[in-house]
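Work through the exercises below with the model open. Try each task before you read its solution.

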Amino acid sequence: MGRHFALSLILIFLLFFLPWLWGEPTRAVQEEPPAGDTEPGGEEEPPEAPPEEPSAAASIDKNRKLNILAGGQLRQTDMESYLMGVVRAEMPAAFELEALKAQAVAARTYTLHKMQNGGSANHPEADACDDITCCQAYLSQEEAAQNWGDQAPAWEEKVRAAVTGTDGECVLYEGAPVLAVFHSSSVGATQDAAAVWSAPVPYLRSVETPESEETVPGYRSTASFTAGELKERLLSGLPEARLEGSPSNWFTNIHQQASGVVDSLTVGGVDVAGNRLRTILDLRSACFTISFEGETVSFSVTGYGHGVGMSQYGANILAGDGMDYREILSWYYTGATVERYEG
């Protein structure tokens, strides 16, 4: 009996005292995991890495520096900031986003083409300026906001999306940026460069364009002059012209396309391209007819701009019909491609 009692004491000692000698007893129930951990028994997966933000190093436009002359002041900026100013000024922000993207690519291409072909003699110290007769129009964010009113925040973001969404993309012909000229609106078709500037350009050919009086504000306009005013304007641009007698005798040999665009005419004995007369008289386009009433001479004009390259209102209509910006640019610049360009 005593032997059994001694054995029992040994067993009790082993059960209750040895674990304390070896360390903490093992817990029978696992603790509740902290919030956000995996369920008990499951494998914890590494957290998903957040998507990387586009860095300045990945942006062609941000890394392309240029000097611009705007508001009479020379300053350094980057291509992205410059294009924001150009798109704000050159195309209505209410247009379709794909049209704004096409404008951004055209503006970028035009700038690079000029930079790579000697720049402008008007401002050798600057790569671009805000004079539309030399380079492209330009508006700061503050100036645009004053014009846009309550729509300013939304339209600023839309312009930004058009510029950053086409980062570095250009219209290329045989691997080089084209002379990506553009204009507001045409009459049925754009103009061949040879008809306007007397020199053919393979990618600046006449193509159909869809804008009309119903889709373009101010599509038709009238410019009227007294005989004295008209004579003064004409002689300032054509000093060799002979402008005697009635103004109805000053304009002869008028050659027009089927659309009404004047290719050429004779003014006071001087042969003049229709686009040249448009510039001298500050007409909205070279699509015009002339009428005479007493001492008043009136030019009835259709469309706006020189008519070569991309029509901005046409681009907006094509975008509304489902074309993306690359298709729009390929439509207006014959045989060209749209690609990222780092040259």
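**Exercise 1. Packing of a helix**

Which helices and strands do the buried residues of H11 pack against?

Solution. Start with the ground rules. This is a predicted model, with local features needing pLDDT of at least 70, side-chain atom pairs counting only at pLDDT 80 or more, and totals for chains, interfaces and linings using all residues. Residues are numbered from 1 along each chain as its sequence is written, and side-chain values use heavy atoms, leaving out hydrogens and water.

Step 1: find the buried residues. Buried means under 20% relative accessible area, exposed over 50%, partly exposed in between (1.4 Å probe, protein chains only). Helices (H or I, at least four residues) and strands (E, at least two) are DSSP runs, numbered from the N terminus. In helix H11 (residues 325–332), the buried residues are Tyr325, Ile328, Leu329 and Tyr332.

Step 2: The background is simple: an α-helix has 3.6 residues a turn, so residues three or four places apart point the same way.

Step 3: list the partners. The buried residues of H11 pack against helices H4 (97–116) and H10 (312–320). They also pack against strands E4 (169–173), E13 (310–311) and E14 (337–340). Contact means heavy atoms within 4.5 Å.

Step 4: check the helix start. Asp324 caps the N-terminal end of H11, with a side-chain oxygen 3.1 Å from the backbone nitrogen of Arg326.

**Exercise 2. The core**

Which residues have the most contacts inside the largest nonpolar core?

Solution. Step 1: define it. A nonpolar core is a set of buried Ala, Val, Leu, Ile, Met, Phe, Trp, Tyr and Cys residues joined through side-chain atoms within 4.5 Å.

Step 1: read it out. The largest has 62 residues, and Tyr82, Met310, Ile328, Leu329, Tyr332 and Tyr333 have the most contacts inside it. H4 gives the largest share of this core, nine residues.

Step 2: look at one member. Beyond its neighbours within four places in sequence, Met310 contacts residues including Ala102, Ala106, Phe182, Ile328 and Tyr332.

Step 3: look elsewhere. A second, separate core has 22 residues, among them Leu230, Leu234, Ile280 and Val301.

**Exercise 3. An open sheet**

What is the strand order of the open sheet of three strands?

Solution. Step 1: the order is E5-E4-E14, with antiparallel pairing. Two strands pair if DSSP finds at least two bridges between them. E4 and E14 have four bridges, and Val171 stands opposite Val338 in E14.

Step 1: find the edges. E5 (176–177) and E14 each have a single partner strand, so one side of each lacks a neighbour in the sheet.

**Exercise 4. Positive phi**

Where is Ser198 found?

Solution. Step 1: Ser198 is in the loop between helix H7 (193–197) and strand E7 (220–226). Its phi is near 65°, positive in a residue other than glycine. Ser198 counts as exposed because its relative accessibility is 68%.

Step 1: take Asp282, in the loop between helix H9 (274–281) and strand E11 (288–293). Phi of Asp282 is near 60°.

Notes. Polar contact = N/O pair within 3.5 Å; in protein donor to acceptor, adjacent residues only side chain to side chain.
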